[in-house]
Amino acid sequence: MLEVKGVSKVYGEGTARVVALDDVSLSVGRGDFVAVMGPSGSGKSTLLNIIGGLDYPSAGEVVLDGQRIDEADENALVDIRRGSIAYVFQQYHLLPSLTALENVLLPLLFRGVESGTNKALDLLTRVGLEKRAEHKPGQLSGGEQQRVAIARALVGNPSLILADEPTGNMDQKTGMEILDLFRQLHREGHSIIMVTHNPETAKHAGQLIVLEDGRIVSRIDQRGDKRNED
Amino acid sequence: MRLHHLVAKDVMRRRRRVSYAVLGVVIGTMTVISILTIGHAGESKIYAQLEDYGANLIVIPAISQIDLALGGLDLGALTVGDNYIPAAKVSQVRQITDDMVNEALGIEDERYRYSSSVAPKLYANTRVGDVSIVVVGIDPEEEMRIKTWWRIQEGRYLEESDQGVAGAWVAELLELSAGDRIVLNGVDITITGILRETGSNDDYQIFIPIGTAQRAFDKEGLVSVVDVRALCTACPVEDIADEINMMVAGVRAVAVKQIAMTEMGMMERVNRFMLALAGITLAIGLFGVVNTMITSVHERVRDIGVMRAVGASRSQILRVFIYEAIIVGVLGGIFGYVAGTLLAYGIGPIIFGGTAITHVPRYFGLSLILAIAVAVAATLYPAFRATRVKVADSFRSL
């Protein structure tokens with residue numbers, strides 16, 4: 001479903017030149033759960049941004065369902081965000097003016113879909129927040145806000161969910177609950193790529209990718225055998 | 001939920017910031033509306049003052065003098081034509097004047113017809129004792145409408161056919177006071193009042209009703225001159241004069257050009273000055289709003305990123321800001337009108353000494369249009385910048 005081929009990302013020039021990603025390739029199948037790990041600054045978020053079309057690679061290709069994301073123009077990217085890819089961020093990134101329900105409905109609003117309240121309520125129930133639908137983000141805990149963000153990601157039926165350290169701002173217990181939620185989504189057939197610091201995630205991911213200095217240093221597939229790439 | 005609901009909720013949450021933007025718009029529209037409202041009142045005041053200038057059209061008998069000469073010998077002058085205008089022609093003059101004024105004003109409904117002041121006069125010389133004086137037959141009501149500066153110093157204005165008022169000097173000369181009776185060419189007249197000194201010929205004249213004058217001096221159905229007051233900036237005074245000269249035989253209508261041109265020029269200058277002031281104020285307001293809107297975009301970089309990430313297109317982001325600008329504009333227009341009108345009530349009387357300010361409801365629409373135009377114009381550039389926000393950057397900046 002997703003092919004990342006030889007992707008590099010270079011910031012700056014000359015002595016200020018920083019290589020964020022260096023010749024990264026990976027393949028994600030439908031229904032896969034891929035965990036991306038690595039120390040800070042290893043290029044995890046950059047990789048996720050490039051896959052999601054939020055950033056352009058300096059070299060290489062990103063192909064999602066036969067479509068070149070790295071070459072997509074502005075309009076094509078809007079279509080991709082409306083259809084194929086949904087994001088879950090570490091900072092939740094909910095709109096503070098809107099209730100939980102309205103935040104879930106937001107992607108539909110930009111698609112011009114006005115009926116969707118029932119679906120959004122179902123999704124809030126799905127993430128365990130049916131009683132919080134009319135609360136605003138400021139009235140919700142971090143874990144609850146992240147559940148809203150997950151419901152928002154699901155409302156548009158994306159083929160791929162990109163999660164950038166979704167438990168990074170949470171205590172251990174809440175983080176585990178959110179990870180459980182992702183695992184359930186995975187079991188229901190959703191494709192997920194998740195950047196995480198949490199080793200727990202790795203156990204449940206079908207594929208674990210470890211980045212260091214922009215290079216993939218380790219890949220563990222779902223059968224659990226580890227091979228070094230250096 | 002639709003896009004404008006989203007904007008409305010956001011405006012509610014950020015009311016403090018939004019109210020700064022509204023304030024910027026209010027300052028601009030308030031100044032414009034107060035200038036216009038004061039100008040409007042000032043205009044009425046100027047009109048009222050112009051009314052005091054008296055007639056702007058004078059109709060006199062069409063007489064001409066032919067110099068007679070035989071070789072080098074001067075034989076004097078011969079006056080051709082009548083020295084009087086038949087009273088019937090006065091109503092013709094009135095008809096033409098009213099028709100043209102109402103046409104110029106665009107009034108078609110009979111009920112709202114503007115009616116000019118048409119004051120016929122008959123001049124006659126007579127003697128009271130051994131003093132030679134000028135008696136003027138007037139239409140008391142019309143004369144008062146034209147000579148707004150007339151004040152009664154003593155007694156009251158004439159009402160009956162056997163009454164008259166005397167100018168200040170002639171009253172002094174003849175030692176007249178209110179209630180005295182005099183005989184003018186064999187007709188008994190009661191002087192009901194003495195006019196306050198005007199500094200004009202009126203001071204030397206005695207005014208009696210024109211019908212009485214016609215009988216007393218044997219000029220039945222005749223008038224010497226007709227003063228016409230047809231005042232409004234749209235009045236084509238010279239055109240009216242031309243029309244009268246063409247349509248009414250035996251009279252010559254003369255436009256008192258100086259007055260007409262002063263009226264026009266004054267209003268034009270006042271209007272131009274007002275417009276210039278209004279333009280400058282709006283421009284200043286515009287910059288204030290641009291500033292607030294740029295700050296607003298800056299504050300919401302993250303929200304813009306969120307909206308982009310969940311599928312908002314650039315034009316949708318643009319619309320978010322334009323909708324917000326419209327809300328700011330509508331609020332600014334409403335408060336700008338109210339504040340501008342109040343400001344006019346406050347400072348108007350100081351500028352146009354004692355002028356009564358009245359609020360002008362049609363400026364409310366103008367206020368709304370101006371405010372929305374300013375708010376939208378001020379938002380275009382910041383909104384364009386908002387559409388260029390990169391999703392990844394918007395989150396990284398935190």
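**Walking through the A–B interface and the fold of chain A**

Across the interface of chain A and chain B, 10 residue pairs are in polar contact, both partners being at pLDDT 80 or more; a polar contact here is a pair of N or O atoms within 3.5 Å, where within protein one must be able to donate a hydrogen and the other to accept it, and residues adjacent in sequence count only if both atoms are side-chain atoms. On the side of chain A that touches chain B, helix H2 (74-83) and helix H3 (100-111) of chain A each supply at least two residues. Helices (H or I, at least four residues) and strands (E, at least two) are DSSP runs, numbered from the N terminus. H3(A) gives the largest share of that side, seven residues. Sorted by class, the side of chain A that touches chain B has 14 nonpolar, three polar and eight charged residues, with Ala, Val, Leu, Ile, Met, Phe, Trp, Tyr, Cys and Pro taken as nonpolar, Asp, Glu, Lys and Arg as charged, and the others, Gly among them, as polar.

Before going on, a word on provenance: this is a predicted model, in which local features need pLDDT of at least 70 and side-chain atom pairs count only at pLDDT 80 or more, while totals for chains, interfaces and linings use all residues. Residues are numbered from 1 along each chain as its sequence is written, chains are lettered from A and ligands numbered from 1 in the order in which they are written, and side-chain values use heavy atoms, with hydrogens and water left out.

How many residues does each chain bring to the contact? Chain A brings 25 and chain B brings 24, contact meaning heavy atoms within 4.5 Å. The area buried between the two chains is about 2400 Å², and carbon and sulfur atoms give 63% of it; buried area is the accessible area (1.4 Å probe) that two parts lose on being put together, summed over both. In chain A, the residues losing the most area to chain B are A:His93, A:Leu109 and A:Phe110, together 26% of what that side buries.

Charges matter for the next stop. The rule finds four salt bridges across the interface of chain A and chain B, a salt bridge being a side-chain nitrogen of Lys or Arg within 4 Å of a carboxyl oxygen of Asp or Glu. B:Arg314 pairs this way with A:Glu74, with the closest N and O atoms 3.5 Å apart. Over all chains, the structure holds 32 salt bridges. Inside chain A, A:Arg126 forms one with A:Glu188, the closest N and O atoms being 2.5 Å apart. Because A:Arg126 lies in helix H4 (residues 117-126) of chain A and A:Glu188 in the loop between helix H6 (172-187) and strand E8 (192-195) of chain A, the pair ties together parts that are 62 residues apart in sequence.

Now for the sheet in chain A. Four strands form an open sheet in the order E2-E1-E4-E5, with antiparallel pairing; two strands pair if DSSP finds at least two bridges between them.
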